[in-house]
Every structure is written in structure tokens, then in C-alpha cells.
Amino acid sequence: MDGDQYAPGWPGIPARWSSSAKSGVGTAINPRSLVWFTLSHGILNEVYHPRIDWACTRDMELIVTDDQGFVSEEKRHARPQVEYLAVGVPAYRLTNVATDGRYRIEKEIIADPYRAVVLQRIRFVPLQGKLEDYHVYALLAPHLGNQGAGNTAWVGDYKGEPMLFAEREGQAALALASSAPWLARSAGFVGVSDGYQQLITGGRLTSPYTRAENGNVALTGEVDIQACGGDFVLALGFDGHAFAAANHARSCLFDGFDSSLEQYIAEWKGWQGSLLSLDGEEEGAGDHYRVSTAVLRTHEAKQFRGSLIASLSIPWGFAKGDNDLGGYHLVWARDLVETVGGLVAAGARHEARRVLRYLQVTQEPDGHWAQNMWLDGTPYWSGVQLDETGFPILMASQAWREGALETRELEQLWPMIRQAAAYMVTRGPVTGQDRWEENPGYSPFTLAVEISSLLAAADLAELAHEAEMAGYLRETADSWNTGVERWTYAAGTRLAHQVGVQGYYVRIAPPDTLENPLTVEGVVAVKNRPGDQSEMPADELVSPDALALVRFGLRAPDDPRILDTVKVIDALLKVETPYGPAWHRYNNDGYGEHEDGSPFDGTGIGRAWPLLTGERAHYELAAGREDEARRLMQAMEAFANEGGMLPEQIWDAPDIPERELFFGRPSGSAMPLVWAHAEYIKLRRSLREKRVFDMPPQPVQRYLVEHKSCTYTIWRFNHKIPDMPARQSLRLETLAPATVHWSMDGWKTAHDTQTRPTGLGVHVADLPSGRLSSGETIAFTFYWTEVDRWEGTNFEVTVEPLSASE
């Protein structure tokens, strides 16, 4: 444009995101306000617009200077304090006091309830000298459309009102307006010509530029603090075009901060008022329960109702650039169901219906859900985790039990449930990835979800008048439940002798080949470890995941195998901190900072997870140790930061102050982890009711009360078992109709059995192998009736010897 003074230094230094250590997250309850904000180190961090999975800024802070060479950066040179303006409302008061005692900055931060605008009411208070001694600058780093590169920033006016602008053409734009006059404004390239470079070297905007195009840009504006007496409002507006964003920002300034604040708080209080008060005690503004419910609700999208992302953060974001588009602001079906489970525990029913509808819409045609996805359902990563297929079934079942679904709504969800169940029975029990998204195989956690969700699906099948299907689902669950120890329990190992136990459940047992899936003694490729440390024997890896067998009702908490496993878990994975105990995901985990505290970069050392403290508390409650469960809940509370945010991981090594890493305090991973907050809410509900709130009742009744045994062993082409227990029928499963040609005497005689459909894409034939003796073999092959073709290969299954207890 004519008259523009273009900033030099294109395209700027490589873009980076901000700290993942959020001290607050917020949005308006009102669906018209398409903006979400985050806070860290006393300043505004990523702001998301128009979707909760699209970050549009890196951060925004104030820089304070004087005419004598003093330069103070708010996020580095001040001590922040975070307070909530009301109970259960993500409206914040930040108080930042300069470490040298020269000034104090007070901020109140909210989102406007009707517009995509983040509002900051700011007071600058000199603690030494007078107001006229200081200059205050706002520094804003746009990262529009999840990208730090390719942004254009400029200085301009809207209807004669001076503002600062940025835009990524066709995606998003922002405008920054101030209630106080701007004394100077500049747009530049980060690290070269941005205002920050000028301020730290000269204390003033000595060379203001009006435009910086197509790069990593920053905007800087000096606020006339004398004209406003140090009190001013900054309105950061967003829209698809810069002038529209400016319109929103200016409208908010005209309406006034108090008007927006009053409506913002009233709407949040209305929602919080609809929830349960779980402990009956007076709840203060920083109450962990109300903070957690607000965190969960804040993470719900507005354009795609019912979708909740995993976290408004990017783990180790300060070391991540544009190549990490997703961060944690994506939808994982597992995190989504765990999160809405927390909301259901708090008494929120509408959210459960919205989430189930969203899951129905985003289900893949074959019945599973993407490993993770953008809000519109577009897959991001390509893995398949069968717990993510089972969780939506459990959610539907729980919502029905809690009265959050009407019969009509459940009927509408039945096609989704049937398709998910069909996917599991055709692909399971082996999962492509465990719940930590790393390894294929037999995972105790995934097995627990699979088995309990098949039983839940069976109940729902009966409600849908599918009795035969229900019977098949229960029989499959029984077979897999009987196989849990066969697949994942190791006994008499070096580790068992070391800890002094008979055996334990392993973290995961990978199938060596489809021909021989029984591999507790196999090798696990441990992710995120250096190449020479990337493999371990399966029987040397353990995880708290085994406690899912209790959480989902498959095994009793006092089962000797569970008790022994707990001893091994504590021996290898437990970390005692000044705030309470926490546990690692598994031994030799590599997802965490390096030993020197440098960020995870594909390898590292896994740290302890507060989430697992909550899961352990649920185990203790199931075992009847309520006091211990409550103590662990208090540990979770202590792991939260000053804003009540629960981290994904805590630092479990000696302090490294220069990296802000302190023993027992949040590490640089995601914060808040929404799943952890959901687990905390569930724990509050569980403790109130003195039972594990979300434990599915079906496996409890079937396996712990009725002690239902299995009469079938299942063979299929993706699960070719070589042998089977005695006294059981062999069930053959195929994906197409077939005639099974079989023999139990080495083909001296042969028989034919037709498969029958289950209604789930699986066809089954049961062979009377129960009358075979130990060591005898049943042989079989298939004739595919639809294509008039023999399989051309014979298969065999041998009967195992009876155990001593049999």
C-alpha cells in the first residue's frame, strides 16, 4: 500500500508456540462467542478462533520501560498471581508484581459473551516513581490458523479508530483495540524488526513499521497510560476479515467491560448451578471441583456441539513450531468419553447427549473412530485403538442408566452401537494400539474396555429386540475374559522373584505372528526411546493399566493376581513426592523431558501422571480403603498449579529451576489435561457414593457375582490360536458364510457344519471339541459358499492338558 513503511527481516525467525503450562483457560458459555483463551506466566497465551482446534495467537503481554534504560517484560520479570472472579467461572484476575518491585499490573480477563473478543481490563500501578515515569507497550504475536508463518500484520484504522491488525487470508484475522489512545504502533518480523527487538535495545519504538507481510510477525502498541490514569481495556477481536474483527473489538469497548463481565459470570453461574454439589461443603472460588467442571466445559466446541478436545495446550509448546499442527487441541474418542463421564458424574446430562450425537456423526463407516481427529471428524493420526471403539458403547450404557437418555434417543444410537460392537468382534481382542497410542497386542486396559463394552452392547441389543446378537456378544465377552490371564499374566519370572510375588499382569503382550498369538514372553518395541533401548521383553514391562480389570468390573480388587500386580506396580512405577504419590505409565517410558530437563523431542524419560493417582484412588475405593482413596484425591489436588490446572505429568527428579522444573510440580507436558480433571470429578462422585461411580455393572454381575465361565474358545483368521483349553467348544468365526469341513480323528472321518450369521458381520460355527482329550487335535478347513471355492489349507487346534485345579 502507498505510504506503508515495510518492516525488514522477512520472514522472521522460525515460529514457536508458547508454554503448555496454562494457569487458566476460558470461554463464554454463550455459543455466539467463538473464542477460547489460555493464560500462562501472568499473560494471555494461545487464543483459539473460530474453532477450539484453531489457535490464532502465540501470546500477548505487556512490556514496561522508562527513559533511563529500564526494560521489564511482564512474563519474565514479574511474579504472577492467579485468582478467580467467581466460583466455577473461568474469569480471571492476574496480578503481576515486578521482581524488582517497581510496578504492579492487575488484569481481569474474560471473553465477551456475544462476540469473538477477548477482553483484558488492565491497571498499571507504579510502585516506585510516578505514572509519567513509565511507558507501557502491548506486544501481540499472531499465529492465525494454527500457523506462526505466513501471517501479515499492519497498523491501521477502523472508522478512524487506530488499531493493530493481522490476517491470514481466507482463514482468520484479528484486530487489537484499546480504550486508551495508542501513542505509537508497529508491525514487524519476530526476532528481527518486531517491537520487542526495539524495546529491549532502546526502550522505545524508535523505528515503527506499518506493515509486515507473509511471515512470523508481531504487533506492538504503546498505550497512553497518562491519558487513562493507568486504567485501560484491551479488546482482541477475531473474525474472517480484519475489519469484521475490528468491528467486534470496538463494539465491546463501547458496551463496556462491566457489561460483558456481568453477562459472562451470570451465564457460567447458571450452568454451574445445574450441577451437583458433590461434597456438600461450602465451595470457594478456587474449589478444585468447580475449577474442574469449568475446565471440562471450556473444552467443548461450539460449532461442532458435543466435541471436546484433549487440552488447550501444546506439550512443550515453546519448543514446537508449525510442524506440530495438532498439539492436544484435537478430539480423541477415549478422552472425549472420559471427559463427558466426568460431566455426567457432576450431574450434567445435556452434555452426554451432545457427545453421543457427535460420536454418532463422526464414526467411521466400518464402526471405529479415528485415533484422533479435527472437530469436523477429519482424522489426524491413523492408528486404531479398540478401547476408543468400546468407550462410546460404555458411554451410551452409562447415560441410559443415569437417565440422561430417553428410549427414543437410545434407539437412535443403536446403529452406532451395533456398528462399533461389530468392529470389535471382527478385530479384537488384539488392539492395533494401546491406550497410550504406542503398541499393538493384548493390553489389560483395552481388554477390560472391550469385554465390558461387549456386555453393555448385549444389554442394548436386547432392548433393540436382537436377542441372538446379545447372546453372541456375551459369549464373545466370556471367551475374551477367560483369555485375559492366558494372554497377559506372567508367572515365575525374574521380576516376580525380585519383587517376591507369584506373578503379575504385563503392560502389553504383542502377538509374534497371527499363527501364534500367545506371547507373554514376546518382545515389546518401547516407543520414544533411543534405538539401542527400544526393545524389552514383554514380561519385564508393567503398567497401572492392569487396574482397569478392577475398574471395569472383571476382577475383584482382592484377587491374588491383582494384589501381586499392585506390588510390582508400586515397586517399579510409584513416585513419592512432597504432595503425595504418583505413578509412571510403565517402566522405561520415554514420553517426557530428558534427564537435563530439556523438552521431549521424540525421546526422553516418561514422568509421573496425576491421572494415574486418580485411577489408583478408584482402585483403593473398590478395595474398601476409603481413607486411602481420599488421601490420593488430596494428592491430585496438590499436583494442580496456582490456577487449579492439573498437568499431564509432574516432574519427578531433582529441581532444575532454570527450566521451571520442580520435584512434584507440573512438567512441560500438557496442562490442563482434561482427562485428569474428569478423573478427579469422578473420584469426588465416587467418594460421595462410596463406590466406583463409573464401574460398568454388567461384568460385575456376570464375573464377580455369577462367576460366569466360558464354554467357547474362539478361532478366526486374525486370531489363529494353536491350542485351546480342555472341555470347551471350538468356535470358528468368519467374515463370510462358509461350510466348515472338520475332523477329530486325523481325517479318518469328516463332518460338515454350516456357519450361521450373528448380525454383526461375523458368521460362526461351533465344533464339539469339548469331548476331546488332552493332546488331541481338531482339524478343519472352509468351503466359501458365496464364491464356490475351498480355502485350500487345513488348520489345527490342539487341546491343552488339564491344569491341577481342574
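These legends describe close-up views of a predicted model.

**View 1. A four-stranded open sheet with mixed pairing.** The strand order is β26-β28-β32-β31. Two strands sit at the edges: β26, residues 712–716, and β31, residues 756–757. Each of these edge strands pairs on one side only. Strand β32 covers residues 763–767 and runs antiparallel to β31, with two bridges between them.

**View 2. The hairpin of β11 and β12.** Strand β11 takes in residues 151–158, and strand β12 residues 161–168. The two are antiparallel and share seven bridges. Tyr158 faces Glu161 of β12. Two residues lie between the strands. In this hairpin Lys159 adopts a positive phi near 55°.

**View 3. The hairpin of β12 and β13.** Strand β12 also pairs with β13, residues 172–178. This pairing is antiparallel and has five bridges. Across it, Phe165 is opposite Ala175 of β13. Three residues separate the strands. In the turn, Gly170 has a positive phi of about 85°. Strands of a sheet pair through backbone hydrogen bonds, in either the parallel or the antiparallel sense.

**View 4. The salt bridge of Glu300 and Arg354.** The structure contains 62 salt bridges. In this one, the closest N and O atoms are 2.8 Å apart. Glu300 is in the loop between α6 (288–298) and α7 (333–345), while Arg354 is in helix α8 (residues 350–362), so the pair ties together parts 54 residues apart in sequence. Are the two partners buried or exposed? Glu300 is buried, because its relative accessible area is 3%, under the 20% cut-off. Arg354 is buried too, at 17%.

**View 5. The salt bridge of Arg494 and Glu540.** The N to O distance between these side chains is 3.9 Å. The pair links distant parts of the chain, 46 residues apart. Arg494 belongs to helix α13, residues 494–499. Glu540 lies in the loop between β23 (535–537) and α14 (548–551). With a relative accessible area of 25%, Glu540 is partly exposed.

**View 6. The salt bridge of Arg630 and Glu626 within helix α17.** Here the N to O distance is 3.3 Å. Helix α17 covers residues 626–639. Why are Arg630 and Glu626 separated by about one helical turn? Because they are four residues apart in the helix. Arg630 is partly exposed, with a relative accessible area of 33%. Glu626 is also partly exposed, at 23%.

View 7. Side chains of opposite charge can pair when their charged atoms come close.

Key. Residues numbered from 1 in each chain as written. Predicted model: local features only at pLDDT ≥ 70, side-chain atom pairs only at ≥ 80, totals over all residues. Heavy atoms only, no water. Pairing = 2+ DSSP bridges. Salt bridge = Lys/Arg side-chain N within 4 Å of Asp/Glu carboxyl O. Buried < 20%, exposed > 50% of the residue type's maximum accessible area, 1.4 Å probe, protein only.
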